[in-house]
Structure formats: C-alpha cells, structure tokens
Amino acid sequence: MSANVLAFAESRSGDLRRAALEAVTAARTIADASGGEVHAVLFGAPGVGKHAAALGAHGADKVLVVEHAGFTHNNPEAVAGTIAARMGSGYRAFVCAASATGKDIAPRVAAKLKVPVASDLIAFEVKGAAIVATHPGYTGKVLQTLSLTATPAVLSVRPGAFLPKENAKAGASEALAPAGDPAASRVKVTETAAGNAAKLDLGEAPVIISGGRGLKEAGNFKLVEDLAAAFGNAAVGATRAVTDDGWRPHADQIGQTGRLVSPDLYVACGISGAIQHLAGMRTSKTIVAINKDKEAPIFKVADYGIVGDALEILPVLTEAVKKAKASG
Ligand SMILES: Cc1cc2nc3c(=O)[nH]c(=O)nc-3n(C[C@H](O)[C@H](O)[C@H](O)COP(=O)(O)OP(=O)(O)OC[C@H]3O[C@@H](n4cnc5c(N)ncnc54)[C@H](O)[C@@H]3O)c2cc1C
C-alpha cells in the first residue's frame, strides 16, 4: 500500500484558497507518519498552475495541475472523477477541507472509490494501519474518535483546524489530464457571484467577531465591524436569531445550520450560547464572550468572559486593540 496522500488544492476564480494550504498541511501529518509524499491536486482554468510554488512551500512534494477551461468554475463531477481515477494509482488517503466545495467533492470521491468518508475532522494521527480521527458529533457536544481502516481513507478537515504551516518541499509540477471531458458534466456552474470582495471569508479569518440578539438592533453591528476593522484580519459572524431577523446576511451565520469555524480567536458579543450556535464555533482556539447575564451558557465554553453590556464594552475593546496595534 502506498503511503502517499493526495490533498485537494482548492481554488476559486484562479486564486488559491487558504483551504488548499490547510488540506496540504493536514495531509502532511499522515504522510510524515507513514513515510509517504503529499501530492496536491489543483484544478482550474489554464494558468492556475502558477500556485504550485505556494503548495510546495506548505508541504506538497508534487503538484498535479489539471488545467482546462471546463474548470474555470467549480465542476464537482469532473473534479471528483479525476481525483477518483488518480486515487486508483495507489494512495493512502485523500484530504480536502470541509468547505462548501470540499463537502461537495469528498462524498463524490468516496462513492466512486466505494469507501466511507470521514468528514469535518479536527485532528488525526496514524496508528498502525488505521488513521485515528477526531470528529465533533452531536452539534459539537461530544468528540468522537473514529478509527478509519478503509483504504484509501477519504477525509475532510474543518476549516481552521489545521493551520497552514510553512514546510518547504519540492512542489514539482506535473500536468494531469482530466479523467473525462470536463465540458460533458451534467452539473454546470455557469457563474460564481462574488460576495463582498473586501470581506474576509469566515472560514479563512484568523479572528471572528460575532454578534447576537444582545446587540439589540441591526445598526449596533457597526460596533462589531469596528472591532473587526481594528484587528484588521477579522471577519464578522452572527447567530441565527440575527440572520433570521435580517440584521445580517445568512452567509454570516455560524452554527449547526450555518458555517463551521475554528479561528484562533472568536469573540461572541451578546450571544447566549445555544447548542446550535456552539456547534459551529466551540472548536475555536480561544473564545472570548461578552454577555450581561453571567449565567449565559456561552461562558461555559469561553476562555475569557466579560460580564457586561456589549454596547459599552465593544468601543472600549476597539480602542484597546487600536492602541495595541499602534504600539506594535
Ligand atoms: C434546528 C435549529 C438550528 C439552529 N441553527 C442555528 C445556527 O446555525 N446558529 C445559531 O446561532 N443558532 C441556531 N439556532 C438558533 C439557536 O437555538 C438560538 O436561538 C440562537 O443561537 C440564539 O441567538 P442569540 O444568542 O443571538 O440570541 P438569544 O438567545 O436571544 O441571546 C441573546 C443574549 O444576549 C445577551 N444580552 C442581551 N443584551 C445584552 C447586552 N446589552 N450586552 C451583552 N449581552 C446582552 C442575553 O443575556 C442573551 O444571553 C438553531 C435552532 C434550531 C432549532
């Protein structure tokens, strides 16, 4: 059995996603434990191969570049078909991010290979012939340990759980032909509507400032945005209570029925901490909660708690972050 691992190098509109570097970093942990190589597979329109160097810098020994006009937009059928065909040449595992794209690809690859898919993992290690993985279950209330013995293993990793690590490898480019005609796919994505380009994606932001109903009204999200702007590398998230009320777009929702995130820092402002919200953020590295109710469940998962009025505390925090930034 080969010890090599294939990592999905996700790109969008010709740009490499942070999810690609996270997948390569996660793949590296398996390959290193079994003495194998990491091969990153990169799909896109002609020219996308220029990202091979970045993938090599983050641990890809080889970059398989699949350039075709049919991959200008996500083409899940043709991507999964090509990955499954390549996996047939002998790999220990396939790793992608559990991003919207990755969630579309991983089950298709697993179905084609007739193996199970282990999704949304936050850690794993190689133990003998098994990959032992950690998967948050029951909306994050429990951490399940999965012993994956099927080969190849098909794995998706939660965005933010494996931070991209610089780890220079050869990153040698090799052209890979699509397994079929990408233009013949039954699923055709004709356009990708760009969201707010100036806004950091929730899955990629190292810092997330989130607001809930405790902010009282939509206009008060300005305070959340100000704190995010002071950090400079922060995205704004929200609870479902808030997105359902139209205070924020649904794309900002974090939780069981929203985005699953694991940033370095998550600041919850006026958020009660319902299990459905915790399901999306409890694996964040450091959690800060601001709530005027000291019994609020969010404090049970918080590393730091501030009991008080978020509307008064947010401007103070924003000033403090600005000062800290200014003093280097
Ligand atoms: C099937 C299902 C799926 C769901 N999916 C999701 C999901 O994906 N994401 C999600 O978020 N929710 C989800 N929910 C909803 C979830 O159950 C909660 O209703 C929601 O998370 C509550 O949002 P909230 O914390 O903003 O509001 P609330 O629960 O109303 O909490 C507001 C908090 O603000 C505090 N507060 C009030 N004023 C202030 C102030 N001035 N300063 C500081 N604190 C203040 C209060 O003490 C309170 O703790 C789902 C529910 C169901 C049934």
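**Exercise 1.** In this predicted model, in which crossing does α3 pass α4, right-handed or left-handed? Describe the packing of the two helices.

*Solution.*
Step 1. Helix α3 passes helix α4 in a right-handed crossing.
Step 2. Helix α3 covers residues 76-87 and helix α4 covers residues 100-113. The two pack at an angle of about 45 degrees, and their axes are 9 Å apart.
Step 3. α3 is therefore oblique to α4.
Step 4. On the side of α3, the residues in contact are Pro-76, Val-79, Ala-80, Ile-83, Ala-84 and Met-87. They meet Asp-104, Ile-105, Arg-108, Val-109, Lys-112 and Leu-113 of α4.
Step 5. Sorted by class, this contact of α3 with α4 comprises nine nonpolar, no polar and three charged residues.

**Exercise 2.** At what angle do α5 and α9 pack, and how many nonpolar, polar and charged residues has their contact?

*Solution.*
Step 1. Helix α5, residues 221-231, packs with α9 at an angle of about 15 degrees, with the axes 9 Å apart.
Step 2. Angles under 35 degrees count as roughly parallel, and α5 and α9 are therefore roughly parallel to each other.
Step 3. α5 passes α9 in a left-handed crossing.
Step 4. Among the residues making the contact are Leu-223, Leu-227 and Phe-231 of α5, and Leu-314, Thr-318 and Lys-322 of α9.
Step 5. The contact of α5 with α9 has 10 nonpolar, one polar and three charged residues.

**Exercise 3.** How many residues surround the ligand, and which are the closest?

*Solution.*
Step 1. The ligand is surrounded by 28 residues, of which Gly-212, Gly-214, Arg-240, Gly-255 and Ser-272 are the closest.
Step 2. The elements giving two or more residues to this shell are α6, α7, β16 and α9.
Step 3. The shell divides into nine nonpolar, 14 polar and five charged residues.

Definitions and conventions. Residues are numbered from 1 along each chain as its sequence is written. This is a predicted model: local features need pLDDT of at least 70, side-chain atom pairs count only at pLDDT 80 or more; totals for chains, interfaces and linings use all residues. A residue is near a molecule or strand if its C-beta atom, placed from the backbone, lies within 6 Å of it. Helices (H or I, at least four residues) and strands (E, at least two) are DSSP runs, numbered from the N terminus. Ala, Val, Leu, Ile, Met, Phe, Trp, Tyr, Cys and Pro count as nonpolar, Asp, Glu, Lys and Arg as charged, and the others, Gly among them, as polar. Axes are lines fitted to C-alpha atoms, for helices over the stretch in contact, and angles run from 0 to 180 degrees between N-to-C directions. Angles under 35 degrees count as roughly parallel, over 145 as roughly antiparallel, 65 to 115 as roughly perpendicular and the rest as oblique. A crossing is left-handed if the near helix is turned anticlockwise from the far one by less than a right angle, and right-handed if clockwise. Two residues are in contact if their C-beta atoms, placed from the backbone, lie within 7 Å.
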